[in-house]
Amino acid sequence: MRTDFRPLAERLRPDSLDGYIGQEHLLGRDAVLRRAIESERIPSMIFWGPPGVGKTTLAFIISKQVKRQFYVLSAVSSGVKDVREVYDKARMAAQPPILFIDEIHRFSKAQQDSLLGAVERGLVTLIGATTENPSFEVISPLLSRCQVYILKSLEKDDLRKLLRSAVAVLEKDYDKKIELKEDEALLRISGGDARKLLNAVELVVTMLDEAGKNTDTLVIDNDSTTRYIQSNLVKYDRLGEMHYDIISAFIKSMRGSDPNAAVYYLARMIEAGEDPLFIARRMLILASEDIGNANPNALLLANTCFDAVNKIGWPESRIILSQTATYLASSPKSNAAVVAIDKAQAIVRETGNLSVPLHLRNAPTKLMKDLGYHDGYKYAHDYQGNFVEQEFLPDEISGTRIYEPQDNPREREIRTSLHNKWKDRYGY
């Protein structure tokens with residue numbers, strides 16, 4: 001008879017590095033983080049990765065390995081007062097305790113500022129967990145004092161190890177043999193998220209047990225998995241389990257110029273309680289990545305949307321998000337900005353630090369003037385049409401076309417303008 005009613009993910013949480021699944025690039029033999037843990041000399045750090053990859057579990061294992069007190073705060077429900085209470089306890093500790101802050105990206109600037117002094121003095125060792133890019137979500141002074149480790153979605157082999165452990169536990173819970181006949185649907189649904197995988201297999205086993213009370217064996221196959229999970233998708237969405245699937249569909253719908261699908265997935269996220277600033281931030285990225293110069297106003301509107309959502313709050317922000325999503329979805333599309341910067345970076349990596357042409361260099365000293373700095377530079381505004389042909393690229397890549405305007409009305413105008421200015425130099 002089942003006596004432990006904790007969620008399956010909690011019951012399977014390992015308490016040592018040997019039991020931890022995944023993240024071999026950080027925790028494999030001689031990997032950088034494993035060496036730090038085993039030496040018990042750990043820096044403050046930020047774990048950046050998608051949900052369900054073991055960020056919280058790893059923080060707990062580290063605290064146990066280095067024999068430190070472990071304090072857990074959630075940025076959703078904790079504030080500066082809670083942080084200060086940890087500091088008071090830390091001052092009494094023989095060694096700096098570990099302060100783990102889940103969803104640290106949800107801390108405000110002021111809240112993050114409150115961590116700086118304690119981290120800098122070594123009062124606590126901070127471990128923050130985030131699903132968002134810390135370069136944008138963690139203030140620079142705090143980020144500079146932390147080592148950032150990127151955690152990846154779990155590989156299929158990792159997920160299958162987890163499944164085997166889950167089946168063994170569930171067999172004891174239900175006092176029945178569980179045959180894992182097929183696992184492809186479970187792996188697909190998980191998306192590399194261990195928590196999602198465990199929730200899904202537990203749900204499927206529960207439904208199979210209810211449907212077959214008089215059977216001694218429960219058989220999990222792709223058909224039963226798909227059937228039972230599909231019937232419970234709304235429940236999963238409200239728990240945030242489909243977070244990355246829905247945001248992916250939202251972005252792809254706008255990229256694919258379907259405002260109907262875009263606003264539908266927007267509604268899904270709103271009903272699930274998604275952070276409106278997360279939604280606005282993703283639209284801001286899309287405005288440059290997928291629309292760009294095909295409609296420069298898209299970036300302006302997306303930026304205004306982000307600011308407005310930050311000021312207005314909920315529930316009125318849903319209207320602003322809807323306006324922006326439908327506008328972006330309906331806009332002409334171009335990824336020319338992405339292609340251009342990708343190509344430019346590839347050239348830089350291939351050619352290294354090429355010399356800037358002398359006429360483009362500033363000449364604040366006499367020596368620089370004598371060396372020819374700035375000599376021959378033509379000031380564009382002194383010429384008709386505010387343009388005069390001259391060389392701006394290093395000699396080694398002269399004439400290389402990096403920006404390629406695409407086939408939409410606005411960028412056709414840009415191409416024509418560039419052709420009129422540069423003639424045959426870049427082949428526009």
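**Figure 1. Helices α16 and α18 meet in a left-handed crossing.** In this predicted model, let us start with the pair formed by α16, residues 276-291, and α18, residues 317-330. Their axes come within 11 Å and cross at roughly 20°. Angles under 35 degrees count as roughly parallel, so α16 is described as roughly parallel to α18. On the α16 side, the contact is made by P276, I279, A280, M283, L286, A287 and I291. On the α18 side, look for L321, T324, A325 and L328. Sorted by class, the residues of this contact are 10 nonpolar and one polar, with no charged residues.

**Figure 2. Helices α16 and α17 pack at an angle of about 170°.** Here the axes of α16 and α17 lie 9 Å apart. Angles over 145 degrees count as roughly antiparallel, so α16 is roughly antiparallel to α17. From α16, the residues that take part are P276, L277, A280, R281, M283, L284, A287, S288 and I291. They meet A298, L299, A302, N303, C305, F306, V309 and N310 of α17. The contact of α16 with α17 divides into 13 nonpolar residues, three polar ones and one charged one.

**Figure 3. Helix α17 has both α16 and α18 among its covering elements.** If you follow α17 along residues 297-312, you will count 16 residues. From first C-alpha to last, α17 reaches 22 Å, close to the 22 Å expected at 1.5 Å a residue. Its buried residues are A298, A302, C305, F306, A308 and V309, and what covers them includes α16 and α18.

Figure 4. Leaving out residues up to four places away in sequence, A287 touches G292, A298, L299, A302 and L328. A287 takes part in the contact of α16 with α18, and A287 also belongs to the contact of α16 with α17. For a sense of scale, A287 and R68 are 219 residues apart in sequence and 46 Å apart in space, C-alpha to C-alpha.

**Figure 5. Helices α9 and α11 form a right-handed crossing.** The axes of α9, residues 156-174, and α11 come within 10 Å and cross at roughly 35°. From α9, the contact residues are L159, L162, L163, A166, L170 and Y174. From α11, they are A194, L197, L198, V201, E202, V205, T206 and D209. By class, the contact of α9 with α11 holds 11 nonpolar residues, one polar residue and two charged residues.

**Figure 6. M207 sits in helix α11.** The helix that carries M207 runs over residues 194-211. M207 has a relative accessibility of 23%, so it counts as partly exposed. M207 and P141 are 66 residues apart in sequence, while their C-alpha atoms are 50 Å apart in space.

**Figure 7. E40 and E103 each have a positive phi.** Most residues other than glycine have a negative phi, which makes this pair worth a look. E40 is not a glycine, yet its phi is positive at about 60°. You will find E40 in the loop between α3 (32-39) and β1 (45-48). E40 is partly exposed, with a relative accessible area of 39%. For E103, also a residue other than glycine, phi is near 55°. The loop that holds E103 lies between β3 (98-102) and α6 (109-121). E103 is partly exposed, with a relative accessible area of 25%.

**Figure 8. The protein chain contains 21 helices and seven strands.** This last legend places the close-ups in the whole chain. Along its principal axes, the C-alpha trace spans about 90 × 55 × 45 Å. The chain has 428 residues, of which 42% count as buried. Among contacts with a separation of 6 or more, 73% come from residues 24 or more positions apart.

Conventions: Residues are numbered from 1 along each chain as its sequence is written. This is a predicted model: local features need pLDDT of at least 70, side-chain atom pairs count only at pLDDT 80 or more; totals for chains, interfaces and linings use all residues. Side-chain values use heavy atoms; hydrogens and water are left out. Axes are lines fitted to C-alpha atoms, for helices over the stretch in contact, and angles run from 0 to 180 degrees between N-to-C directions. Helices (H or I, at least four residues) and strands (E, at least two) are DSSP runs, numbered from the N terminus. Angles under 35 degrees count as roughly parallel, over 145 as roughly antiparallel, 65 to 115 as roughly perpendicular and the rest as oblique. A crossing is left-handed if the near helix is turned anticlockwise from the far one by less than a right angle, and right-handed if clockwise. Contact means heavy atoms within 4.5 Å. Ala, Val, Leu, Ile, Met, Phe, Trp, Tyr, Cys and Pro count as nonpolar, Asp, Glu, Lys and Arg as charged, and the others, Gly among them, as polar. The expected span of a helix is 1.5 Å times one less than its number of residues. Buried means under 20% relative accessible area, exposed over 50%, partly exposed in between (1.4 Å probe, protein chains only).
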